[in-house]
Amino acid sequence: MGSIRRSSLLCALVAISVAGLAAQAKYKVSRTADGQPDLQGYWTNLTYTPFERPKELANKPFYTEKEAIEAFNKAVEGSENQVVHYVNTDFGATPVQTGAKPNLRTSLVIDPADGRIPSMTPEAQKREAARIAEQRSAGPLARTWRDDRGTVWCVFHDRAVPAVTAPYGSNYQIVQSKDYVVMIYEWNSERRVIPLTGQPHGAVPLYAGDSRGHWEGDVHGLARHSAGGVGDTDLPSHGAFHAYGRRHHRSYLHR
Amino acid sequence: MRATLCAVVLATALVSAQTTYKPPRTAGGQPDLNGFWQALNTASWDLEAHEAAAGPVLQLGAAYAVPPGSGVVVDGPIPYKPDALAMKKKYAANALREDAEVKCYLPGVPRVMYMPYPVQIVQSTDMIVMMSEFASAIRTVYMNVATPPPADTWMGWSVGKWDGDTLVIDSKGFLGGTVGALDDEGTVHVRFLDRAGNYHTEGLHVVERIRRTDADHLSYQATIEDPNVYTRPWTISMPLYRRVEPNMQLGDFKCEEFVGDLVYGKYQKK
């Protein structure tokens, strides 16, 4: 696709995106047979918007439309010019293939106001430093599947909660009943079962955390990253287990 | 004589209750199959009638010995073609190497329904999700669609419809096996239906019939067809029992963690 043609397309996409923001405010969600907001369907969280905001944009949560197009173009070109060991248009690895659109936001992190993940605790910083030192001495590749249970070993989907874009296959399906919301991820065939029943958290930790959901109007209680609802997940409460998951999350962010 | 008569009366009453049972409905008006269900039999060891036997691992002694079972095949024996029966015996003798369960591959259908792990059903109007604890296996049943399987997969492609109060699921599009990523240790040549070596190929076609028989039981029936292996379709039948523990939820049984050394341990850097 030529650059002029692409720019025209992107202008159209941004216009749609901006118009979409206005429409969102008035949108009345459809309902399931149980009367709950219907979130069912196939979704993707592929995006060119960076997880953390670039430091030079610290006080700028939103681009102008022109800036958004420029940032989008730059990101598309970057993703198409990657040097990888596979055809990078396979697997839906390039977000534009699956309809990722320009977004006025400059980062996926919206709180704190600078769009950056808050500093780690001193204890976590020590763990992180030790991990990086170990990684430097061992080289960039995992030596064994045990070095990376998520991306290398595929024991679990380490970007399911919170939903962070996966290297490929960032697609998921939502199915609802009266008492449950089920999220099925393409990556690693992972799943997340969210009871809406108010039942207490289980005694045994789970890789994807032990989530509980409730409805607040039309906002699902767990959709805080996208809809601004109030979260009620138990992600941080299982000590070392989730510290393990967070370590991998950090390593992903540092790539 | 009196005891026999009582038994007959009781059995008749039970059958009558089952046939007249009207299951509760979802808000969409469909029979409500939501819940946690589990088989309580020895089908995962052997679908056919079998005596107790020593297990395949000497050191585990009685802990992993085979419990006896009267079988769940209603029109057995399983109608193998002569060549396929010979292969079944060969696979049974090499079950530890050939069985996908040992290597934590997804179990497929119908096996996932009678493994010794709970299956949670989450029922929507157009889709029904069935999730096993084993290997986090999931199958989605797409209701009233005519779409053919988009690709062969471990869990197959399941299409459902309601026949009165019975959920009828037609499944095909199954992978017949896989080759190992690094060497033959990861290979399975066929898909086992149980630990006894009963098997199918990519020619598998399964029609399941599932209905509530009372508050806490499902009647589960599956008709199995595979022209590569069997001379005719054949059927298994069993109850599935509701897990009634309060606050029941599926745990993680992500068995990849338990088989890495088994399958690829020799590649572990010492």
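Tutor: B:Ser171 has B:Val206 of strand S9 of chain B as its bridge partner. The model is predicted: local features need pLDDT of at least 70, side-chain atom pairs count only at pLDDT 80 or more, and totals for chains, interfaces and linings use all residues. Residues are numbered from 1 along each chain as its sequence is written, chains are lettered from A and ligands numbered from 1 in the order in which they are written, and side-chain values use heavy atoms, without hydrogens and water.

Student: How many bridges join S6(B) to S9(B)?

Tutor: Strands are DSSP runs (E, at least two residues), numbered from the N terminus. Two strands pair if DSSP finds at least two bridges between them. S6(B) and S9(B), residues 205-214, run antiparallel, and the number of bridges joining them is five.

Student: Which residue in S6(B) stands opposite B:Asp163?

Tutor: Strand S5 of chain B, residues 157-163, runs antiparallel to S6(B), with seven bridges between them. In their hairpin, two residues lie between the strands, and B:Gly164 takes a positive phi near 65°. Opposite B:Asp163 stands B:Thr166.

Student: Which cysteine is joined to B:Cys104 by a disulfide?

Tutor: A disulfide is a pair of cysteine sulfur atoms within 2.5 Å. One is found over all chains. Its S to S distance is 2.1 Å, and the partner of B:Cys104 is B:Cys255.

Student: Why does B:Cys255 count as buried?

Tutor: Buried means under 20% relative accessible area, exposed over 50%, partly exposed in between (1.4 Å probe, protein chains only). B:Cys255 counts as buried because its relative accessibility is 4%.

Notes:
Helices (H or I, at least four residues) and strands (E, at least two) are DSSP runs, numbered from the N terminus.
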